[in-house]
Each structure stands twice: as structure tokens, then as C-alpha cells.
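I set out here what I looked up, entry by entry. The ligand surroundings came before the rest of the chain.

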Amino acid sequence: MRKIPTTRLYAFIDGRLDSSSKDESYFQTYHYSIMDRKNASPPGNCRFAVPKKGRLNEKVMEMLSGAGIEFHREPRLDVALCKNLPITIVFLPASDIAKYVGEGNIDLGITGYDVVEESMVEVNKIMDLGFGKCKLCVQAPVVDEIKNVEDLAGKRIVTSFPALTKKFFGPLDAKKGVETKINFVSGSVEAACGLGLADAVVDLVETGTTMKAAGLEVVSDILSTQAILIANPKAQHQDIVDLIQRRLEGFITARNSVFVVYNISNHLLAKATAITPGKRSPTITALDDGESKSVSALVPKANVNDIMDQLHDVGATDILVMNLSNSRM
Ligand SMILES: Nc1ncnc2c1ncn2[C@@H]1O[C@H](COP(=O)(O)OP(=O)(O)OP(=O)(O)O)[C@@H](O)[C@H]1O
Ligand SMILES: O=P(O)(O)OC[C@H]1O[C@H](OP(=O)(O)OP(=O)(O)O)[C@H](O)[C@@H]1O
């Protein structure tokens with residue numbers, strides 16, 4: 001079966017392709033939809049866009065699964081219906097998601113904060129998701145020894161983020177009375193200087209491996225970014241938006257926390273609970289011996305070994321740590 005062009009798929013999801021636009025694409029779309037009803041979004045469903053590939057895709061899929069958002073995606077289809085909730089998952093390039101959410105074609109989405117800022121659309125930034133962390137930076141060839149970003153004003157910049165680059169260089173240009181030439185490329189930005197197409201680039205840096213391999217160095221940071229949950233400000237499915245937010249928060253808390261349980265003598269209790277204050281407060285239960293307590297609390301997973309050492313040092317015993325599979329706060 002032929003895959004319909006993505007733009008037509010959006011139009012179909014959107015309801016923009018109707019019987020008044022019976023061109024070839026319409027028939028192709030219509031034919032496709034009646035051959036496989038899973039490709040349509042039921043009108044009452046909340047439309048939730050997620051990155052179809054790239055850096056964020058795997059983590060988002062893991063998060064949806066952890067949050068109990070179950071769906072079956074047919075091979076090569078970019079729309080999947082949720083099995084257990086009135087949600088249609090729409091798989092889109094990360095760079096398009098903010099625009100579609102901002103324009104209201106999609107109710108809810110996950111993409112990078114960088115994409116949201118670049119798209120210059122108004123969306124509700126619901127929550128940071130704690131992955132996809134990197135920085136958008138101005139980078140120039142190491143050999144050029146450019147230490148001051150003002151030296152790049154008026155020069156040639158290649159980037160996948162033309163709007164943010166323009167915004168960044170605007171004041172520098174105004175100060176120098178020049179105009180920085182900004183050229184868009186959709187990928188492999190780091191190659192532009194080596195190819196003689198640019199004096200500097202504006203690109204994402206996480207570990208710095210790509211930048212260093214291309215002989216570049218950071219001249220200035222523009223923005224810190226991470227994956228973010230966004231919604232259309234007028235989303236009609238606020239109940240579903242709230243539900244997804246709660247579920248993702250629960251999953252993130254469970255992923256980042258562990259449950260610690262230990263015993264401690266009554267006279268050392270205050271010292272121990274200062275180490276494990278919990279989210280709201282630790283749970284304290286009296287032991288039968290009348291001299292000690294059992295304490296349980298959530299602690300950050302990243303620090304658990306330090307916390308266990310500190311508990312041991314203040315006299316706690318029988319220290320147990322348990323992973324959480326999910327939570328609701
Ligand atoms: N190296 C990185 N480390 C962390 N997050 C990143 C990194 N590169 C990109 N991201 C985040 O992921 C988002 C999507 O970037 P990605 O390069 O995966 O986009 P794509 O163009 O959809 O995929 P592809 O590069 O496979 O075509 C970025 O907007 C950014 O928020
Ligand atoms: O600092 P690093 O850890 O090397 O990561 C930075 C690189 O990651 C992203 O590209 P990606 O690898 O996703 O491919 P792309 O160039 O096709 O977007 C980004 O555009 C950088 O090139």
C-alpha cells in the first residue's frame with residue numbers, strides 16, 4: 001500500500017481534507033482511510049504528537065509505555081489509536097511538533113524546548129521531562145580563535161535554528177551596523193565551516209563530540225534545552241492533558257526515586273530523618289522493642305549510595321532500598 005504524503009496525513013487528521021477537495025490526494029487519502037481505519041483520528045480524541053524518529057523518539061516511547069499509554073502502531077503509519085484512552089498518537093518530526101500544537105491541529109506534544117522557542121508559537125509549557133538535555137551554541141573553527149561572539153556579527157552563519165540565531169545576532173548587528181547572513185540547513189550543520197559555507201554555526205551541543213570532530217569550539221551559549229510536554233492553550237481535552245501530565249509526573253518520580261527503609265534507635269531518629277526527609281515527610285513506625293523506629297522515605301536514586309552511607313554513619317541498621325515501578329503524587 002502506498003504511504004500518503006505527510007502533509008496530506010496532517011490535513012486528513014485535521015479534517016481539512018473533506019469532500020469539497022476531491023483532488024487526487026483526497027481520493028488517495030480517503031482510499032487509504034477506508035482500507036485502514038486506524039489511520040483516522042476519531043473526532044473526540046485528544047491528538048498527542050510525539051517525535052517519529054531521532055534523539056527523542058526512544059525516550060518518549062519508553063515514557064509513554066511507563067505511563068500506561070498503550071497503542072499499536074502499524075508499520076509505516078504515522079497515526080496510532082490508544083488502546084485504553086481516547087488519545088490519538090501522531091508521529092511527527094520533532095521540529096514540526098511545536099508548530100502543530102501552537103496552531104491547534106494537535107492538542108498536546110512532546111518535543112525539545114529549543115524547537116518550541118524556534119517555532120515562535122504560543123503553547124502551554126506543561127513540564128520538563130528531564131531528557132534530551134543539551135545547549136544551543138554559537139560555534140566557530142578552533143583555528144580562527146574567535147573568543148568574542150561580537151566578532152561574528154556580519155559574518156555567515158549556518159544553522160537549523162534560523163529564528164533563534166536571528167534573535168541572538170539582532171542586537172549585535174544593530175550595535176555594529178551590520179547584517180549577519182543566516183542560512184538554514186536541516187542537518188549536518190557542523191560540516192558547514194569545513195566546507196567553506198559558513199564562518200560559524202549555531203548548533204546543539206551535548207557531549208561536544210560532534211563539535212570537536214568538526215574542529216569547532218563554543219564561542220557563546222544561546223539556550224539550554226530539554227524535552228518538554230506542551231499543549232495548545234485552547235486544547236479542548238483538558239481532562240486528558242491533566243491525566244497525561246499526572247501519569248508522566250508519576251513515571252518520572254518513580255524513575256528518579258527509590259524507596260529506602262531502615263531501623264533507627266529513638267534517640268538517633270532526628271539525625272536519620274534529616275538525611276531522609278522524604279517528599280512530604282518520612283513514614284515512621286514504632287518497633288515492638290519500644291526503643292527504635294522503622295523509617296521509610298523516598299530518596300533521589302542518583303544519591304542513594306551516599307544516603308545509605310550517611311544513614312549507616314548515624315547508626316541506622318537493616319537499610320533496604322527498593323525500586324519503584326510507578327507513582328502518583
Ligand atoms: N545531542 C543531543 N543531545 C540531547 N538532545 C538532543 C541532541 N540533539 C538533539 N537533541 C534534542 O532532540 C531534538 C530533535 O533532534 P534530532 O536531531 O533527533 O531531530 P530530527 O531532525 O527529528 O532527527 P534526525 O537528526 O534523526 O533527522 C532537538 O530539537 C533537541 O531538543
Ligand atoms: O555534542 P554531541 O553529543 O556530539 O551532540 C550534538 C549533535 O547531536 C545532534 O545531531 P544528531 O546526532 O542528532 O544528528 P543531526 O546532525 O542529523 O541532527 C546535534 O545537531 C549535534 O550535531
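I began with the residue classes in the shell around ligand 2, and I counted three nonpolar, six polar and four charged residues there. The model is a predicted one. In all, 13 residues surround ligand 2. The closest of them are G187, E206, T207, T209 and T210.

I turned next to ligand 1, which 18 residues surround. G54, R55, A94, G112 and E206 are the closest. By class, I found seven nonpolar, six polar and five charged residues in the shell around ligand 1. Helix 4 (94–103) and helix 5 (113–119) each supply at least two residues of that shell.

I then consulted the unreviewed UniProt entry, which annotates residues 254–326 as "domain: Histidine biosynthesis HisG C-terminal". Over this range I recorded 27% helix and 40% strand. The end C-alpha atoms of the range are 5 Å apart.

My last entry concerns helix 10 (residues 304–313). One of its ten residues is buried, so the helix lies largely in the open. Just after helix 10, I noted a positive phi of about 105° at G315.

Terms used:
Residues are numbered from 1 along each chain as its sequence is written. Chains are lettered from A and ligands numbered from 1 in the order in which they are written. This is a predicted model: local features need pLDDT of at least 70, side-chain atom pairs count only at pLDDT 80 or more; totals for chains, interfaces and linings use all residues. A residue is buried if 20 or more other C-beta atoms lie within 10 Å of its own, exposed if 12 or fewer, and partly exposed in between; C-beta atoms are placed from the backbone. Helices (H or I, at least four residues) and strands (E, at least two) are DSSP runs, numbered from the N terminus. A residue is near a molecule or strand if its C-beta atom, placed from the backbone, lies within 6 Å of it. Ala, Val, Leu, Ile, Met, Phe, Trp, Tyr, Cys and Pro count as nonpolar, Asp, Glu, Lys and Arg as charged, and the others, Gly among them, as polar. UniProt positions are given in the numbering used here, feature names are shortened, and annotations may be inferred rather than shown by experiment.
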